[in-house]
Every structure is written in C-alpha cells, then in structure tokens.
Amino acid sequence: MDSDSEVERILQGSRNQERPPSSYGSMKSDEEEEEDENITEAQSSFGKPELPTFTTHTGVQLFPNVDTETVFTEITQQQSVSKQPREGVFDSERYVEEEEEEEEEEERDESSPIQVDSPEPSPPVEHEDQSQEEGDDEQQPGPLHPEIDLPYIFKSMQSSLTSLEGHELDLFKRYLCGRHPSFTMADLKEGDTLDLVDKMLERFGKLQGLREAIRMLESMKKSELAQELENKCKRAVIQYELKCGLIRRHNCIFEGVPRAGQHLYLKYVYVEPQISTQGHGGVNPLHGIRSDPPKPPQVASPDSMIGGNNIFRLRSINGSPVRCVLTTGVPGIGNSVAVQKFMLDWAEERANFDIQFVFPFPFREMQSLRERNRVEKKDISMLELLQTYHNETRSMDFLEQPDCKVLFVMDGIDIYKGNLDFKNTPVVTDIKAVIPLDSLLVNLIRGALLPHALLWLTGRRAATTQIPPEYIHRVAEIQGYSDEQKDDYLTMRYSDKSLADKILRHTKNSPTIYTLCHIPFCCWMVAMVYERGFRNHDNYGDEPPKITSFFIHYMIIQNNRKLEKYCGQNPNSQKWTEMDQVFMLKLGHLALKLLDNNRSVFYEEDLNEYKLPVSEVACFSGLCTELPRANPKDKRVFCFTHLSFLEFMAAHYVWLTFRLEERNVLDQSYRVPKLFKEHSLVDLYRKAIDRYLSAPVGQYDLFLRFLCGLSMTLNDGLLRGMLFPHNAPPLKGLEDVVRLLTKRKDSAGQERQANLSECLRELKESED
C-alpha cells in the first residue's frame, strides 16, 4: 500500500477512535512509557545553528536572531481554555533572554481536546480584531496554494519519514526529544509515523513543523532525504524563512530618534487609524477655536472606511481584483507604521494568509542602492534585486508562475530621487534582464515585470503624482485617529492607568492639541512630553497645557526628519543651514498672506511668488500637503496639514523677521532704530493686537497666542542655534507687553477676554 493510501485509510478511521482525537485526526498513544535516558547523545549531535523558532498559540517560544543590545523578554498572557487557537498562527509574544537552552513549556491541556472529523483543517479564519464582515465574499481571503496548505505538508512529511528504517525513526524521535524537551520518548516511542507527524504539526504548526523535520533529518546525516522534502515543500520552506525575517524586523518599533534599548512592541502602541477609499486630502477641517474655519474641499464619509488588512480585498472600478494600491496621507499620519503592521500580521498569519510571499522594498533602501549603483556604474536585474534584500528567494524558480501570489510593499516614494519616466522607459519583461534601477521600478509598477504580482505603494500625494493613474487600480487615504482612537492610543501605552488618565485629561484641556492628535505623530509627541511632565513634576497638569512649545517642537522635529530622510544627515548630528532659515521665512510669509485673506488653500502660482519649490513644500517640509484634483488638468492645490499650523507659521514669520531683521512686518513703515541696543517688543504686539481686535472673532486668536508664546525665554531658547545664533541677545520689553495685553483685555469684549487670558498665560515664564 502506498503512503497516500495509508494516510487516507488511517485518517478516515480516526473518526471512530475512542481515545481523544488530536488536531489533525491522527492517532494518540494509548499509554505512555518511561522517558528514554539516552538523550544527551542526541543533544550533542547538532552541528547546524538553530533558526529562529516561531510560536504557535500552543505556547512554543520564539528566539529571534538579534544583537545583545536588543534582546528582551516579554511574558504573554495565558490563553483561555475555552478559546482554542487556530492552526498555524505565528505568535511573536514570547521572546526570552536565554541563549543556551529553551525553557520548558507548559503541556497542552488534554482535558479539552480539539474535536475534528477529518485530517484537513477547516479554512483559517481572520484574527478576532479584523474588521471583516461575515458573508462578504470580497472581504474574505482566497484559497491557500496547495503546496503551502496543511494536507500537502502533512503527506509530504509522512512520505519522507516513512522511508526511515525502524531504528532510524527511533533516532529521529530521540533527536526531536533532545531538541525540544516538551517531547518525551514516552509520548513518541509507540506511535507510528502518522502519529509522529501529527504531533509535530499540532505542536509547531505546519511551517515550523516542516522546518523542524528537515533539520532533524539533516542532523541524522540524511541530507538527501532532507533535501528531497525541502524541494517538495519549497514554497512552504521559503515562506517560513521569510516570515522569520519579517517578524524579527517588524515586531518592534522605534519612536523618535532610534536608540538602543528604546524600541517597543508594535502591538502595544499600534491603534489602527481610519483608512478611507475616498481620497479628499486627509486634512482635518475641525479647529480648536474657530467654529467656521475655511475648510479643504471635502472629508471622507464614514462608510468609506476599511481595515488596513483589507487593502487587497478591494475591487477596481470595473469590479476586477486590484493589482496596484496606493495609500497616501498627510505627514505623520502613520503610513509607514500601517505598512509595518500589515506585514507583521501576515507574517504571524493573522491576516492575508492567501498571499504566499510579502517582500518589503522601501524606497529609502532603493535610493541607497541607486546611489551605490551610480557610483559603481552598475545595473541590476529584478532577480538580483530580490536576492539582494531577501536571500530566501535564491531558489524561487516558481516566481514567474501565475499561481505565485506575491506582494511587493514599496513605502515612501517621496524619498526616491530617481527619474521614474513612464513615457520613455523601454518595456522589459525578463526578471533576469540587467537594467538601471529606475527602469526596473518603472517596469515593476507598469506590470511588465511579474504582471501577476501585487504592488503596494505609499507616499505623500505630491510625490505620487509622477505615477500615471492608469497603473494605480485603487487609492486609499489614511485619515488618522477618531476621538475614540486618540483615547485608545493615549490609554493603551501605559500599564499605569492613573498616569494614562492624567495624560488624557491634560490633553483634552487643550482643544487645539486634542484636535491635532488625529495625527498619530502628534499623539506620540503628546504621550512623550506629558509622561515626562507627570513623572517629574508634582504639580504638573494643574493648568491647561500651553500650545506654543508643542508647535515649536513639531516644526523642529519635522525639519529634522526632512534632513534625515531627504538630505541624508545623521539623526544625532543634524545641522540647520541658512537655506532652512530662508525656507521657514518664505513659508511663514505665505502663511501670513493666507491668514490675512482668510484662505486655507494655495496654488502653484503662490509658491512661485515666494520662490518656494513644490517638492520642498508639499513633500519634504512635513507641514503641508497636496490636495487631490478632480481633473488632472486642474490647477494643483495645496494646504497646510492643519489650519493651526498655518497660524503658527504666520506668527513664527512675524516673530522671526523681527528677531533677525529688526523689522515689523505688521507695519511696513516701522523699523527698529539701529542706535537702540535692546530690541523693543511692545510696538510689534500693539500692531498684532490691533489686527486681532479688528478682525472677526477666531481669525487671529491662535496667531496672537503663538506670537506671545514665541517671545517667552524658554521657547526663544528652543530655536537658538537653528534659526538664529546661540549668542543672539535676549529680547527685552516683555513686561511692557504684559501690561499692554492686560490693559487691552480689561477693555475687550467678553468673547475676546478668554483668548487674551491665554495669551498672557503663554507669556508666563513657567515650564509646561
């Protein structure tokens, strides 16, 4: 009888067994024998380094191959007995510090075995936190490829192990017990080949179980048999190695400037933002002060929101499955982190398990490769590109087959400085053809190279306009956090719930900052700053937070990120140049013009008027974005990522011009006499207050508040060495400004007094 027939016979008969059935329907031992004492020999016979070991929800430990600086320990919560885990889910929750041996895991609870009627598992279901609707076929994953499905792996392992002689099979079991102490010879000695395969798959899951079988055969010097099994299940082996690498790289996240030991588990800090299939620009029209601010054209409707893992469940306009998806969003909205979470969920088999392979190709790495190839005058093929960044593809001879469902994730197109010329680049279809990297990327996006592959592009909208719309099948836009998601983010970060409540309450005390927290990057800033405040100051949070220092830090961080991402400067040694100073002045000048005219959007001719490059403003600054156009022939439209940033930059321009040039731009006839050794602020603020009081309520409220905060000594010091010299003389006359504001406040109407009180509070020399 051949092996397949024997599998079917035994598996069909497993339904009527009186003993508790296992997860895959094979036999369990009727009685346990004593553990074999001769395990030491098996433990000392391994010569090949151990690969990272994945964890199923049955509790196997995961040992990542990381540096000693980043090794850390995490304790997972015990799974409920009533909630049985599905087969094959990778769990990266249990990293341990031990390097010499694995910890002994808890035995599986045999009192509640998983009841099944056939050896083939039921179709996998999405993880519980997936927002997929049952019964919606477009939202459900497709079928697994037969070669990475459980029955095929089961039969392949059984066929290979059946060829072992009796003593060889016994040695295989000894090696397995020596390698994994949770297995004992008493459990395995009397079982047959099917029982052994079943226990391994139940214990490890299909991918790791297959990899362990290959490693055991290699340790037994059965190289030919191990190679035969690996070749037979090549897709599954490559997928396992790829998932190992993705989990090691994407299980953690660095926030801010990367520093050793300061990474966090992504799952502990990730709240999925709202993602819409309607691209209107992603700018939040709400305002902390004004009830009727000038708004961007439209906002996305709630019924257009989708889950991040459903990006490739969308359909194109004609109803066909999508091939290329583009996601955009304003700076700081979380595009890169959403991509990272998508890949981690796939690697842990929580979603999109019908996709066989996911290959990240961030444009940051593509830009580095492009610069290196230009120096070396070297071209590259698609196959070489894959093998450069993903060594697992060295034996993927099936890559060009239509049944190979592969996804390329290309994040951050705004970082890439190459010329993606879709009009003049020749068509190339051979993945072995050596061509320039620019041509390779163009042909990959076109679909000439690997036309069956899925493609996910991300980037700021102004940078994505270089891609012809016919190659983009769907556009999704990250909208950021709702109010509920803001609260979730600021709460879930801290195990100390009282601290989380204080931070959340303090944030809500400032409507301006709470509104800005729809941008995840702003949420992170709030969490970091307020956490330090509550931990270091006993009376912190008694008053509402000041806003000027928050916006100054935001501007500084965004410019530093520009220097790092687009200019290649080291995060720890960044230098602001005169060009940065000039750019900030010009952008602020434009902002003041928009504020005076009560406008929120601007056009390319406005940028030309102030000699501002489009890419510098809309892609690199981190303060502005491009809005979508209904017709490609329409004028390009831009705006600040929030109206409050426009108001801050306008105030920053007024203050910085006075600081650098001793000129009051609010009064063109005014100029500080050169014979004065000390600057005077009172005339500057007199003009600003006059403009504020003569305008409609709300138009200059934040502008005046920012202008007052910028003159505070602490905030003035934040920009020393960046926008003006360290040894610049301090501003004098703040006492006169306070007296002026107090006098105007007492005579102002009731609707103005609250804001003027906030302006006075911004001038207080107290640390927020």
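The structure is a predicted model, in which local features need pLDDT of at least 70 and side-chain atom pairs count only at pLDDT 80 or more, while totals for chains, interfaces and linings use all residues. Residues are numbered from 1 along each chain as its sequence is written, and side-chain values use heavy atoms, with hydrogens and water left out.

The chain holds 29 helices and 12 strands; these elements are DSSP runs numbered from the N terminus, with helices being H or I of at least four residues and strands E of at least two. Of its 768 residues, 56% count as buried, where buried means under 20% relative accessible area, exposed over 50%, and partly exposed in between, with a 1.4 Å probe and protein chains only. Among contacts (heavy atoms within 4.5 Å) with a separation of 6 or more, 75% join residues 24 or more positions apart.

Seven strands form an open sheet of mixed pairing, in the order β4-β3-β9-β5-β8-β7-β6. Its edge strands are β4 (305-306) and β6 (357-360), each of which pairs on one side only. Two strands are taken to pair if DSSP finds at least two bridges between them. Strand β5 (residues 324-328) is joined in parallel to β8 (residues 454-458) by four bridges, with Leu455 of β8 as the bridge partner of Cys324. Four bridges also join β5 to the parallel strand β9 (residues 474-480), where Ala476 stands opposite Thr327. Strand β8 in turn pairs in the parallel sense with β7 (residues 406-410), again over four bridges, and Leu454 of β8 is the bridge partner of Leu407.

In a regular strand the side chains alternate between the two faces of the sheet. In β5, Cys324, Leu326 and Thr328 point one way and Val325 and Thr327 the other. Five of the five residues of β5 are buried.

In soluble globular proteins, nonpolar side chains tend to be buried together. A nonpolar core is here a set of buried Ala, Val, Leu, Ile, Met, Phe, Trp, Tyr and Cys residues joined through side-chain atoms within 4.5 Å. The largest has 180 residues, and those with the most contacts inside it are Met382, Phe408, Leu457, Phe640 and Phe703. Helix α24 (residues 643-661) gives the most to this core, with 12 residues. A second, separate core of 36 residues includes Leu150, Leu169, Leu176 and Val197. Beyond four places in sequence, the contacts of Phe640 include Val283, Leu587, Phe602, Cys624 and Met649.

Helix α29 (residues 750-762) has 13 residues and should span 18 Å at 1.5 Å a residue, which agrees with the 19 Å between its end C-alpha atoms; the expected span is 1.5 Å times one less than the number of residues. Its buried residues include Arg752, Asn755, Leu756 and Glu762. Among the elements covering the buried residues of α29 are α20 (548-565), α25 (682-694), α26 (701-710) and α28 (734-747).

With a disulfide defined as a pair of cysteine sulfur atoms within 2.5 Å, the count is zero. The sulfur of Cys522 lies 6.5 Å from the closest cysteine sulfur, in Cys517, and this is too far for a bond. Cys624 is likewise in no disulfide, the nearest cysteine sulfur being that of Cys639, 7.7 Å away. Cys522 counts as buried at 0% relative accessibility, and Cys624 is buried with a relative accessible area of 1%.
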